Amino acid sequence: MTLRQTLLSGLAVLGVAGSALASPAQDLFDQATFLIGFYYNGPAKVPPFRELRRQYQPQLDQLCAPERDRCGFDKARQVIARIVQDIADPFTVLVTRDQLIDDQRYGAGLGPAAPRIGVWVRETPRGLVVSEAFPGEPAFEAGLRRGDLITQIGGQPATLARLSAAETARNAFSLSYSRQGTARTVNLTPRVAEATMRPRLEINNNIAYLRIYHLYSSDEYSTAEGIHDAARRAEQAGARGMVIDLRDALTGYDSEALLGAAAFIGKGGFIYDRRFQGQDETHTVENGKLFVQTEGGDKEEQSAVERPYLARMPVVVLVNRNTFNSAEMLAYFLQAAGRAKVVGEPTAGALGMSGSAEGPLINGEFIAVSSLRMRNLDGSLFPLKVTPDVAVVDDLEALVAGRDVVLERALEMLR
C-alpha cells in the first residue's frame with residue numbers, strides 16, 4: 001500500500017451535486033464519492049462518480065431531511081460507510097487521521113501513538129485470546145504470552161471494547177487471565193510503545209523463527225533491512241530452516257514487501273496497473289536494489305537495502321485470515337517463486353490490489369481507494385488472496401490449550 005496524501009477536496013466541484021441545498025454532509029459526500037468513483041480500479045464493479053452519487057444521494061437526503069442545510073459530517077459518513085460496505089473490497093476503507101499517524105510511526109520503527117498494554121488479541125465467547133504479546137510492553141513485562149486467555153478487565157468480562165476503553169483511559173487497571181487452566185491477575189498501566197514492532201528473530205533447535213508485524217519503512221528505518229539481517233544472522237548461527245510468521249500482520253509498502261522477499265528470491269517484481277492509459281509502473285528488485293520504470297520511461301533506482309543477503313535455507317511462511325495486503329504480498333512473492341511453502345488459512349483478500357490513502361477529506365479523515373491492480377511481470381493478475389500450500393485452521397482453542405497447530409505443522413515440514 002502506498003500512503004500518498006493528496007488534497008483533492010476541490011475536485012469534487014467537477015461533478016454535479018445531487019442536492020440543491022449545500023451542507024457539510026453534502027460537501028463530504030460529494031468529495032468522497034468523487035475519490036471513489038474516479039480512482040477506483042479494483043475487482044468490484046464501481047460506477048463513475050456521478051452515477052455513484054445519484055445512486056446513494058437518496059440515502060443522504062433521507063438522513064438529512066430533518067436538518068437540511070445544517071446536516072453534519074456524521075450523516076454523510078454513514079452513507080460513505082455504506083458505499084464502502086457495498087463495494088466489499090477489503091482495501092477500500094475509511095481511514096482516520098490517528099490510523100495514518102500510526103502508519104507513520106510504524107515506518108519509523110515505532111509502535112502506535114496511543115498508550116496501550118502491548119497485545120494483539122482475538123475475541124471469543126470465553127474471552128480474549130492473546131495472539132501476540134510484544135516484548136518490552138506492559139503486558140509482556142507482567143507475564144502475558146501468546147495463547148493466554150484474558151478473562152476479565154477491571155473485574156468485568158473481557159471484550160475488545162473493554163480493553164480498548166481501558167487503554168484509552170490511560171489509568172492502571174486489573175487484568176485477569178488464565179494459562180492452560182491456571183488463573184492469574186496483574187495490574188497494568190498503558191504506555192506509548194517504542195521500538196516493539198520490528199521483525200523479531202528467535203532460533204531454537206536449529207530452526208529460525210522470524211515474526212514480522214508489518215512492511216512499513218522510512219528514511220530512518222526499513223522492515224526489509226530487518227528481514228535481510230535476520231536471514232543473515234539465522235544462517236550464520238547454523239539454522240537449517242526458517243519459519244516466517246505473517247499471521248495477523250498489518251500492511252505496509254508493497255515495495256518493502258518485494259525488497260524483503262529479495263532476501264530469499266534474489267530477483268522479482270510486479271506491475272502497478274493503473275486505471276488510466278500510459279501510467280502503469282513496473283517495480284523490480286535485484287541485488288537488494290529496487291527499480292521503478294514508468295510506462296514508456298526509463299528504469300530508475302528507487303531504494304535499496306544497505307546490506308543485502310540471499311538466504312539458501314528452506315522457508316515456510318505462516319498466514320491466516322488477518323494477513324493483510326503488503327503482508328499478503330510478501331507471502332505471495334515467496335510462494336510464487338517456489339521459494340517457500342505457505343501454511344495456514346487463506347489470507348484477507350487484499351493481495352491483488354493497492355492504492356493510496358486519499359485526502360484529507362473535509363472531516364479530517366481519509367479514504368483508501370483500490371486504484372491499482374497488481375500484476376505479475378508477465379502481465380497476469382495477482383490472485384485476490386494467498387491460498388496456502390498446506391491448509392491449517394488457526395485454532396484458538398488449541399492455542400489456549402498450549403498448542404500452536406499452524407506452527408507445529410510448519411516445524412514438521414522443516415524437519
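The protein has 11 helices and 19 strands. Both kinds of element are DSSP runs numbered from the N terminus: helices are H or I runs of at least four residues, and strands are E runs of at least two. The model is predicted, so local features need pLDDT of at least 70, side-chain atom pairs count only at pLDDT 80 or more, and totals for chains, interfaces and linings use all residues. Residues are numbered from 1 along each chain as its sequence is written, and side-chain values use heavy atoms, with hydrogens and water left out.

Along the principal axes, the C-alpha atoms fill a box of roughly 70 × 60 × 35 Å. Of the 415 residues, 54% count as buried. Buried means under 20% relative accessible area, exposed means over 50%, and partly exposed lies in between (1.4 Å probe, protein chains only).

Salt bridges were counted next. Each is a side-chain nitrogen of Lys or Arg within 4 Å of a carboxyl oxygen of Asp or Glu. The count comes to 25. One of them joins Arg 116 to Glu 137, with the closest N and O atoms 2.7 Å apart. Arg 116 lies in the loop between α4 (97-107) and β2 (119-124), and Glu 137 in the loop between β3 and α5 (138-141), so the pair ties together parts that are 21 residues apart in sequence. Both residues are buried.

A second salt bridge pairs Arg 191 with Glu 141, the closest N and O atoms being 3.0 Å apart. This pair links distant parts of the chain: Arg 191 is in the loop between β7 (182-188) and β8 (200-204), Glu 141 is in helix α5, and the two are 50 residues apart. Arg 191 is partly exposed, with a relative accessible area of 34%. Glu 141 is exposed, at 53%.

Asp 273 and Arg 375 also meet through their side chains in a salt bridge (2.6 Å, N to O). Asp 273 lies in strand β11 (residues 268-274) and Arg 375 in strand β18 (residues 366-375), so the pair ties together parts that are 102 residues apart in sequence. Asp 273 counts as buried at 15% relative accessibility. Arg 375 is partly exposed at 25%. Salt bridges that share partners also form one network, whose members include Arg 146, Arg 247, Asp 248 and Asp 394.

Grid points are joined across faces, edges and corners, and a volume is the space filled by probe spheres set on the points. The whole structure holds 1 cavity of 30 Å³ or more. About 60 Å³ of space lies in the largest cavity. Its lining has 13 residues, and Ser 131, Arg 146, Arg 247, Asp 248 and Asp 394 lie nearest its centre. β3 (127-133), β9 (207-211) and α10 (396-400) each give two or more residues to this lining. By class, the cavity lining divides into 3 nonpolar, 2 polar and 8 charged residues. Here Ala, Val, Leu, Ile, Met, Phe, Trp, Tyr, Cys and Pro count as nonpolar, Asp, Glu, Lys and Arg as charged, and the others, Gly among them, as polar.

The largest pocket has a volume of about 1,300 Å³. It is lined by 42 residues, of which Gln 99, Asp 102, Tyr 106, Trp 120 and Leu 250 lie nearest its centre. The elements supplying at least two lining residues each include β1 (93-95), α4, β2 and α6 (160-169). Helix α4 gives the most, with 7 residues. The pocket lining has 26 nonpolar, 7 polar and 9 charged residues.

How values were computed. 1 Å grid on protein atoms, 1.4 Å probe; cavity = no way out; pocket = protein on both sides within 12 Å on 5 of 7 lines; lining within 4 Å.
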